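Please look through the sequence and the structure shown below, and then read the report that follows.

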Amino acid sequence: MKSIIKKNLITKMLLGLGTIAFLSGCVNDQSDKTYANAEEIPVNKDQAMMAELTSPPFVPTPVGKRMAKKLIVDLEIQEREGEMVGGVKYVYWTFGGTVPGSFIRTRVGDEIEFHLKNHPDNKLPHNIDLHAVNGPGGGAESSFVAPGHEKVFSFKVLNPGLYVYHCATAPVGMHIANGMYGLILVEPEGGLEPVDREFYIMQGEFYTEGAYGERGMQAFDMQKAINENPDYVVFNGHVGAMTGDNALQAKVGEKIRLFVGNGGPSLISSFHVIGEIFDKVHVEGGDLINHNIQTTLIPAAGAAIVEFRVETPGSFILVDHSMFRAFNKGALAMLNVEGEENKRVFTGEIHEGIYLPEGSVIQSMPSLDRKKPKEEMKALSFEDKMKFGKDKYMATCVACHQGNGQGIASAFPPLAKSDYLNADVDRAIDIVLHGLTGEITVNGNKYNSVMTAQALTDEEVSNVLTYVYNSWGNSKKEVTPQMVEAVRNR
Ligand code: HEC
Ligand SMILES: [Cu+2]
């Protein structure tokens with residue numbers, strides 16, 4: 001992911017320069033008129049401007065005093081492999097190739113023409129819900145887009161503030177958990193007060209089949225997600241996105257502004273900078289400004305604008321102050337401040353990276369070694385199998401195949417009255433054990449998506465498939481653990 005970020009950055013910086021040149025040409029457009037209602041702010045539709053989009057931790061050029069405009073946002077959804085932490089691979093679903101997605105910067109009254117593209121190599125349909133939108137689903141319904149397609153919709157930004165956007169395609173939690181979130185800033189008329197440096201940081205948690213640091217490609221783990229028990233809690237998509245060589249940089253005396261978001265999907269963040277006090281916090285990203293804050297709470301799918309002046313040189317550590325997340329799950333970033341020591345403010349010794357060694361290893365107590373899974377209860381009667389199978393279905397399959405096995409059009413095939421399911425039991429067992437990808441036809445409709453392997457025991461697979469085969473008009477087969485074992489061993 002690192003190289004991708006750099007490449008994006010260069011093109012985005014070039015784009016940024018173009019925007020500045022363009023902007024300085026239109027500053028004279030400024031009108032003195034003020035509007036009681038943001039809906040009334042006019043835009044010149046012939047003077048559309050391409051929005052500058054940036055990858056984290058960078059943000060686009062401030063809007064300054066420019067007038068409201070028609071702003072074209074061109075965002076491409078990419079499902080791509082990245083590295084969660086050394087040796088651990090993950091397939092991220094992204095808005096613009098990064099987690100969090102590209103930063104979008106607008107001002108009140110802008111009319112946004114949003115182009116959402118779903119890259120043809122992607123496997124799944126997606127959409128976008130922008131919390132800055134006043135309209136149904138935040139744009140979700142209008143933007144639902146299949147791989148290889150583009151959707152265009154438009155909205156006017158009315159409320160200044162810092163807003164989260166995210167994918168809202170079912171299962172929503174899973175799309176967010178795979179990285180589909182980002183921030184859109186709506187600056188007030190005249191722009192935010194200028195500062196020396198601005199950065200874009202977003203927390204999010206990841207649920208993987210393997211424990212923290214377990215090497216190789218890691219699949220998303222639905223059960224851990226439902227339990228809200230993530231293996232990784234990180235800033236900007238992976239462990240170490242802003243530490244070491246990637247640390248944020250500043251100079252003594254500078255005013256720093258952080259646009260901090262929390263993608264969740266579930267945890268809230270106790271955002272704190274070790275060794276700093278926030279001079280100003282735009283609480284929850286809105287108008288309310290609080291002063292002299294140590295830790296600010298950022299809800300799932302919420303944001304805050306945090307401002308502080310750095311008075312002394314050194315390494316400042318950004319954390320979710322739920323400390324095990326910071327030191328054992330990755331929620332830690334660094335801001336390196338260079339410059340003259342300021343003895344009036346701080347006289348102690350300065351150690352760079354004092355907290356880092358702890359962040360890079362997982363510490364475990366010998367007594368906390370993982371316990372063996374409990375011997376599971378066996379379903380002896382057919383009724384038990386149906387009961388256990390239904391429980392497993394509601395826990396594992398329901399998010400995609402839905403409560404009555406009806407599926408979701410063009411995303412998840414139906415299991416109810418499924419000709420594909422009923423044609424071949426061993427194939428169905430194989431799908432649950434090993435997952436499925438590639439084009440299939442179910443009841444005359446084509447699907448070309450991915451089902452990940454489900455980590456279930458033979459007993460569980462036999463129960464869940466027995467339940468599926470004996471529900472919703474299917475062929476009433478009973479699947480035994482022996483049948484599952486045979487498929488597993490072939
Ligand atoms: C994360 C979403 C997801 C989950 C969870 C999931 N599936 Fe699937 N399933 C899919 C997708 C997507 C396909 C189609 C894959 C393709 O296009 O190649 C599929 C295909 C299938 C098929 C073959 C097609 C059909 O409709 O008959 C069966 C059978 C199936 N799943 C059973 C299950 C069972 C049983 C579970 C729970 C143990 C489960 N799936 C959990 C997404 C999921
Ligand atoms: Cu999505």
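## Helix H10

Helix H10, formed by residues 458–469, has 12 residues and reaches 16 Å from its first C-alpha to its last, close to the 16 Å expected at 1.5 Å a residue, where the expected span is 1.5 Å times one less than the number of residues. Helices (H or I, at least four residues) and strands (E, at least two) are DSSP runs, numbered from the N terminus.

Because 10 of the 12 residues of H10 are buried, the helix is largely enclosed by the rest of the structure. The buried residues include Glu-460, Asn-463 and Tyr-469, a residue being buried if 20 or more other C-beta atoms, placed from the backbone, lie within 10 Å of its own.

## Basis of the model

This is a predicted model, in which local features need pLDDT of at least 70 and side-chain atom pairs count only at pLDDT 80 or more, while totals for chains, interfaces and linings use all residues. Residues are numbered from 1 along each chain as its sequence is written, and chains are lettered from A and ligands numbered from 1 in the order in which they are written.

## Around ligand 1

Ligand 1 is surrounded by 31 residues, with Cys-397, Cys-400, Pro-413, Leu-421 and Met-451 the closest; a residue is near a molecule if its C-beta atom, placed from the backbone, lies within 6 Å of it. H10 supplies at least two residues of this shell, as does, among others, helix H7 (382–401).

## A five-stranded sheet

Five strands form an open sheet of mixed pairing in the order S2-S5-S10-S9-S7, where two strands pair if DSSP finds at least two bridges between them. Strands S2 (53–54) and S7 (129–130) stand at the edges with a single partner strand each, so one side of each is left without a neighbour in the sheet.
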